[in-house]
Amino acid sequence: MIIDHHPFQVNDHGHLEIGGMDTIALAEKYGTPLYVYDVGMIRANCRAFVNSFKDLGVTAKVAYASKAFSTVAMLQVMKQEGMCLDVVSEGELYTALQAGFPTENIHMHGNNKNEAELSMAIKHNIGCIVVDNFYEIALIENILEKTNKTMDVLIRVTPGIESNTHQYIMTGNEDSKFGFNLQNGQAEEAFQLLHNHSHIRFKGLHCHIGSQIFEADRFLAATDVLFNEISKWKTLYGYTPEVLNLGGGFGIRYTEKDDPLPYHIYVEELVSQVKQHAEVLHMAVPEIWIEPGRAIVGNAGITLYTIGAMKQIPGIRQYVSVDGGLTDNLRPALYGAEYDAVIANKAKETTTNDVSIAGKCCESGDMLIWDLAVPTVEHGDILAVFSTGAYGYSMASHYNRLPNAAVVFVEEGIDKLVVRRETYQDLVKNDLSYE
Ligand code: LLP
């Protein structure tokens with residue numbers, strides 16, 4: 001039996017499976033809350049993007065946006081898949097180095113990169129820095145001159161495209177903290193500073209219009225805006241970019257309301273749009289880079305929780321509490337994000353009533369799911385929440401001094417602990433005494 005709307009099976013015991021493994025056995029072995037990833041699905045997501053470009057015969061780079069989920073094991077899988085990597089901090093870069101990720105395939109982002117981050121990136125000869133602002137240009141120039149090194153850069157521009165997504169994950173609109181504005185000439189000013197530079201190889205343009213976007217036409221509209229600028233720069237400066245990085249943001253299914261496009265459709269549409277523009281401008285088709293994060297890991301991860309307290313308020317609702325919450329999945333509290341879940345040990349049973357899934361943190365807003373259809377729920381049942389692979393572990397906190405959950409990878413019938421569960425000693429390891 002296959003779970004509705006999610007790529008998971010139920011076994012003969014009526015237990016939810018992930019990557020061929022019984023989730024109840026995993027919960028018993030590793031405890032809960034537990035993030036579990038189907039590595040085969042992560043690999044399939046990478047290949048869907050990479051092979052779509054290959055099939056179209058265009059030169060491309062698919063960089064995994066590691067902010068979605070960055071651990072040594074995850075980045076080792078990305079290395080095995082031949083992906084490039086997008087990092088936005090020293091910490092993400094450090095994790096990539098620990099994973100033995102080839103530095104020439106790493107790109108660095110960030111709207112406030114500091115000297116230490118840029119120096120680390122330059123020291124390790126990463127593949128490219130995506131420059132965000134004028135302050136950063138000055139910092140990079142200074143470091144490159146001091147170290148007598150060179151660096152490939154793209155500039156990030158805001159194309160003025162509003163995407164149909166939550167305000168907090170919209171980034172392509174003009175009023176944004178990210179990137180150089182195209183409309184007011186700041187992008188062109190940055191171009192003038194960077195192009196023909198003795199230490200900087202200016203490779204092209206980057207934009208990221210936002211996250212959890214379902215409409216290919218938003219990406220196409222951004223491409224149009226970029227080519228509008230390229231056309232101008234070609235006429236004025238005889239410049240044509242080698243690289244066009246169209247960012248990430250490809251949407252995934254959290255609940256049945258979400259209807260994502262197959263990844264190859266995004267790629268086909270983007271490639272066709274870029275080719276058409278290049279033809280009109282009589283220029284070579286630039287390399288196309290993209291940076292999916294959520295689309296690589298989101299649907300490959302689930303979170304297992306143990307059900308504890310329940311509170312029935314007659315005529316109002318039943319609250320069912322789990323042993324995690326906003327500490328392991330901030331998205332419902334931060335964005336009002338909706339999730340789907342099943343009682344993993346009763347995955348074949350008919351649902352009989354609606355309950356609301358509460359986290360254990362001292363916040364009324366710590367609600368993981370409102371109105372989830374479930375069979376009869378009992379204390380000790382295991383809840384599996386789907387599509388928690390992106391921005392769950394990576395946005396985890398220690399609120400209420402809850403230790404971070406463990407992460408397990410499953411692949412070809414083998415389970416492997418890849419992040420151990422935090423201990424109470426871990427929680428106080430940086431605390432110093434005041435006695
Ligand atoms: N490239 C850039 C420059 C980005 O800023 C991001 C995400 C990505 C790529 C990857 O986007 P994705 O393919 O994962 O949508 N915490 C939010 C998402 C914030 C995304 C920030 N930037 C969430 O949980 O929905």
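This is a predicted model: local features need pLDDT of at least 70, side-chain atom pairs count only at pLDDT 80 or more; totals for chains, interfaces and linings use all residues.
Residues are numbered from 1 along each chain as its sequence is written, and side-chain values use heavy atoms, with hydrogens and water left out.

Helices (H or I, at least four residues) and strands (E, at least two) are DSSP runs, numbered from the N terminus. Two strands pair if DSSP finds at least two bridges between them. Strand β2, residues 16-18, pairs with β3 in the antiparallel sense over 2 bridges. They belong to an open sheet of 3 strands, in the order β1-β2-β3, with antiparallel pairing. Its edge strands, each pairing on one side only, are β1 (9-10) and β3 (21-22).

Next, strand β11, residues 200-206. Buried here means under 20% relative accessible area, exposed over 50%, and partly exposed in between, with a 1.4 Å probe and protein chains only. In β11, 6 of the 7 residues are buried, so the strand is largely enclosed by the rest of the structure. Strand β9 (residues 151-158) runs parallel to β11, joined by 6 bridges; Leu-154 has Gly-204 in β11 as its bridge partner. β11 also pairs with strand β12 (residues 243-245), in the parallel sense, over 3 bridges. There, Leu-205 stands opposite Leu-244 in β12.

Now the aromatics. Rings of Phe, Tyr and Trp (its six-membered ring) pair if their centres lie within 6.5 Å; planes under 30 degrees apart count as stacked, over 60 as edge-to-face and the rest as tilted. The structure holds 20 such pairs. For Tyr-37 and Phe-409, the ring centres are 5.7 Å apart and the planes at 65°, so this pair is edge-to-face. It links distant parts of the chain, with Tyr-37 in strand β4 (residues 34-38) and Phe-409 in strand β20 (residues 406-411), 372 residues apart. Both Tyr-37 and Phe-409 are buried.

Last, is Phe-101 buried or exposed? At 3% relative accessibility, Phe-101 counts as buried, although it lies in the loop between α4 (90-98) and β7 (106-108). Contact means heavy atoms within 4.5 Å. Leaving aside neighbours within four places in sequence, Phe-101 is in contact with residues including Leu-75, Met-78, Met-83 and Ile-106. Leu-75 and Phe-101 are 26 residues apart in sequence, and 7.1 Å apart in space, C-alpha to C-alpha.
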